[in-house]
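Reader: I am new to this structure and would like to go through it by question and answer. Please show it first.

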Amino acid sequence: MQTQTDLSGLVIDWDMTPEDAVTLYLEWGNNSWHAQHKPVTSKNDFSTYFVVNTWTGTPQLSLVRRNSEDCVEIASFEIPEDLARDFMAEQGFNKGVYAPSGAIKQWLQNKYFN
């Protein structure tokens, strides 16, 4: 797993969501019906994006890289308490895997990608 200081050279797809990634990279869903992302043409096509996993009850932020064969966590981040609390409230305290909120994306960009 990469350290957070090694991330500056990565191309992050800030608009990719977990739902879009499944649609794009799984064999049965590789289409561009809403034309937001180009169709996948080989296993060399990949996206690097953030997800927030709430299955443990505490939101866990991960940077993942997905292609048509695999999804690998390449870094993890601790979300500040106020952002984590707000995120859980926005999600209705439900368990799942979500795209980060606008506030979390802004925090990431300011702290790690400037």
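Reader: Which residue in S3 is the bridge partner of Val64?

Author: This is a predicted model. Strand S2 covers residues 60–66 and pairs with S3 in the antiparallel sense over six bridges. Within this pairing, Leu63 stands opposite Ala75. The bridge partner of Val64 in S3 is Glu73.

Reader: How many residues are in the hairpin between S1 and S2, and which residue there takes a positive phi?

Author: S1 and S2 run antiparallel and are joined by seven bridges. The hairpin has six residues between the strands, and the residue with a positive phi, near 95°, is Gly57.

Reader: What is the order of the strands in the open sheet?

Author: S2 is joined to S3 by a hairpin through four residues. Strands S3 (71–77) and S4 (97–98) stand at the edges with a single partner strand each, so one side of each has no neighbour in the sheet. The sheet has four strands with antiparallel pairing, in the order S3-S2-S1-S4.

Reader: Why is S2 described as largely enclosed?

Author: A residue counts as buried when its relative accessible area is under 20%. S2 is largely enclosed by the rest of the structure because, of its seven residues, the number that are buried is five.

Reader: At what angle to S1 does helix H1 run?

Author: Helix H1 is formed by residues 18–25, and strand S1 by residues 47–53. The helix lies across S1, S2 and S4. Its angle to S1 is about 135°.

Reader: How many aromatic pairs are there, and what is the angle between the planes of Phe50 and Phe113?

Author: The count of aromatic pairs comes to seven. Phe50 and Phe113 form one that is edge-to-face, at 6.1 Å centre to centre and with 80° between the planes. This pair links distant parts of the chain, with Phe50 in strand S1 and Phe113 in the segment after helix H3 (102–112), 63 residues apart. The angle asked for is 80°.

Reader: Is Phe113 buried or partly exposed?

Author: Buried means under 20% relative accessible area, and exposed means over 50%. Its ring partner Phe50 has 3% and therefore counts as buried. Phe113 has 21%, so it counts as partly exposed.

Reader: What is the centre-to-centre distance of Trp107 and Tyr112?

Author: Trp107 counts as buried at 16% relative accessibility, and Tyr112 counts as buried at 17%. Both belong to a cluster linked by ring pairs, which also includes Trp14, Phe50, Phe77 and Phe113. The two rings are edge-to-face, with 90° between the planes and a centre-to-centre distance of 5.8 Å.

Key. Residues numbered from 1 in each chain as written. Predicted model: local features only at pLDDT ≥ 70, side-chain atom pairs only at ≥ 80, totals over all residues. Heavy atoms only, no water. Pairing = 2+ DSSP bridges. Helix = DSSP H or I, 4+ residues; strand = E, 2+ residues; numbered from the N terminus. Contact = heavy atoms within 4.5 Å. Axes fitted to C-alpha atoms, helices over the stretch in contact; angles between N-to-C directions. Phe/Tyr/Trp six-rings, centres within 6.5 Å; stacked < 30°, edge-to-face > 60°. Buried < 20%, exposed > 50% of the residue type's maximum accessible area, 1.4 Å probe, protein only.
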